[in-house]
Amino acid sequence: MTSDTSLPPLSIETLHDARAGARIGCTLHYFDSVDSTNTVAHRLATDGAAEGTVVIADSQTKGRGRLGRSWVSPPRRNLYMSVILRPAIVAGAAPPLSLVAGVAVAETIRDWTPRAVLKWPNDVLIDRRKVSGVLTEMEADDGWVRFVIVGIGVNINSTADDFPAELRDTAVSLRDIVGAPVDRTAFAESLLSRLEQRYDQFLHGGFVIIRPVCERLSGLTGQHVQVDDGAHRYAGLVTGIAANGSLCLRDATGRDIEVLVGDVSIINTSEGPTER
Ligand code: BTN
């Protein structure tokens, strides 16, 4: 890892002032280093922290990704953030929240580059390389959501040598694309405000309101993919996103399939899966 002291620290005071009175981010907890902001947020939520409480850390020692993967979290460079949400919905209605968060992240990144696309359900890619991921974790009681932790990691100012060799071809930072350091405070401010806007729409109108934005931002429509939902593996051409947030595929036999949760690999038809 290069030691880049030229990068300005994230200004939590500026962020705090910007989010005063807001639903998401009016309570902010900032740490130099934690194991995982999702773990800290989970603890706070279990202890009763209010909806909209945000945990941000400058680095993570055990940053977690989906499917048991780890999230590379070096200090001073990036955004590692977890948001506590308490929507009054049944647990079965919660999966589209991942997409809601993914849309907010993709829209924010597009303020810096129009090349960012959403990879269902909630990764953001630039030129097929991953710049951001979202880890959503839910607790429910009697079938109702008690809280959801939306953990967002964005590679803002990482350089290639921050990533382990096996990720260098598939991960990218915003700084790599923009060609200059990106202000993490401005990024976080914009992201929290977008997340609040999209979350309000979800609460008041349901996912159907956000679905068209999701389809517009999606980098998967028209691509051949493989989707693993933990129990089955599906392959087909992506035809869109359904009203409940499922990914719509048409398989080789012409059958239409909807997958509600899963991990997508884009298939380069001559070579097999090319990315996760
Ligand atoms: C993924 O793409 O697999 C999801 C990555 C999510 C990473 C973020 S960083 C902030 C929050 N804390 C974590 O430990 N994970 C999420």
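This report describes the nonpolar cores, a helix pair, an aromatic pair and selected backbone features of a predicted model.

## Basis of the model

The structure is a predicted model, in which local features need pLDDT of at least 70 and side-chain atom pairs count only at pLDDT 80 or more, while totals for chains, interfaces and linings use all residues. Residues are numbered from 1 along each chain as its sequence is written, and side-chain values use heavy atoms, with hydrogens and water left out.

Helices (H or I, at least four residues) and strands (E, at least two) are DSSP runs numbered from the N terminus.

## Nonpolar cores

A nonpolar core is a set of buried Ala, Val, Leu, Ile, Met, Phe, Trp, Tyr and Cys residues joined through side-chain atoms within 4.5 Å. Buried means under 20% relative accessible area, exposed means over 50%, and partly exposed lies in between (1.4 Å probe, protein chains only). In soluble globular proteins, nonpolar side chains tend to be buried together.

The largest nonpolar core comprises 62 residues, and those with the most contacts inside it are I56, L79, M81, I109, W120, I152 and L247. Helix 3 (residues 96–110) supplies the largest share of this core, nine residues. Another core, of 10 residues, lies apart from it and includes V34, A41, A49 and V55.

Contact means heavy atoms within 4.5 Å. Leaving aside residues up to four places away in sequence, I152 touches L79, Y80, M81, V105, S132, G133, V134, L191 and L195.

## Surroundings of I126

I126 belongs to strand 5 and counts as buried, at 0% relative accessibility. Not counting residues up to four places away in sequence, I126 touches I109, T113, R115, A116, V131, V172, L174 and I177. The C-alpha atoms of I126 and A116 are separated by 4.6 Å, although these residues are 10 residues apart along the chain.

## Packing of helix 5 and helix 6

Helix 5 (residues 184–205) packs with helix 6 (residues 207–217) at an angle of about 135°, and their axes are 7 Å apart. Axes are lines fitted to C-alpha atoms, for helices over the stretch in contact, and angles run from 0 to 180 degrees between N-to-C directions. The two helices are therefore oblique to each other; angles under 35 degrees count as roughly parallel, over 145 as roughly antiparallel, 65 to 115 as roughly perpendicular and the rest as oblique.

On the side of helix 5, R198, Q201, F202 and G205 meet F207, V208, I209, I210 and V213 in helix 6. The residues of this contact divide into six nonpolar, two polar and one charged. Here Ala, Val, Leu, Ile, Met, Phe, Trp, Tyr, Cys and Pro count as nonpolar, Asp, Glu, Lys and Arg as charged, and the others, Gly among them, as polar.

## The aromatic pair

One aromatic pair is found in the whole structure. W112 and F187 form this pair, which is tilted, with 5.3 Å centre to centre and 40° between the planes. Rings of Phe, Tyr and Trp (its six-membered ring) pair if their centres lie within 6.5 Å; planes under 30 degrees apart count as stacked, over 60 as edge-to-face and the rest as tilted.

The pair links distant parts of the chain, 75 residues apart: W112 lies in the loop between helix 3 and strand 4 (116–119), and F187 in helix 5. W112 is partly exposed, at 29% relative accessible area, whereas F187 is buried, at 0%.

## Backbone features in loops

The peptide bond from W120 to P121 is cis, with omega near 0°. P121 is located in the loop between strand 4 and strand 5 (123–126).

R76, a residue other than glycine, has a positive phi near 70°. D142, also not a glycine, has a positive phi of about 55°. D142 lies in the loop between strand 6 (129–141) and strand 7 (144–154) and is exposed, at 80% relative accessibility.
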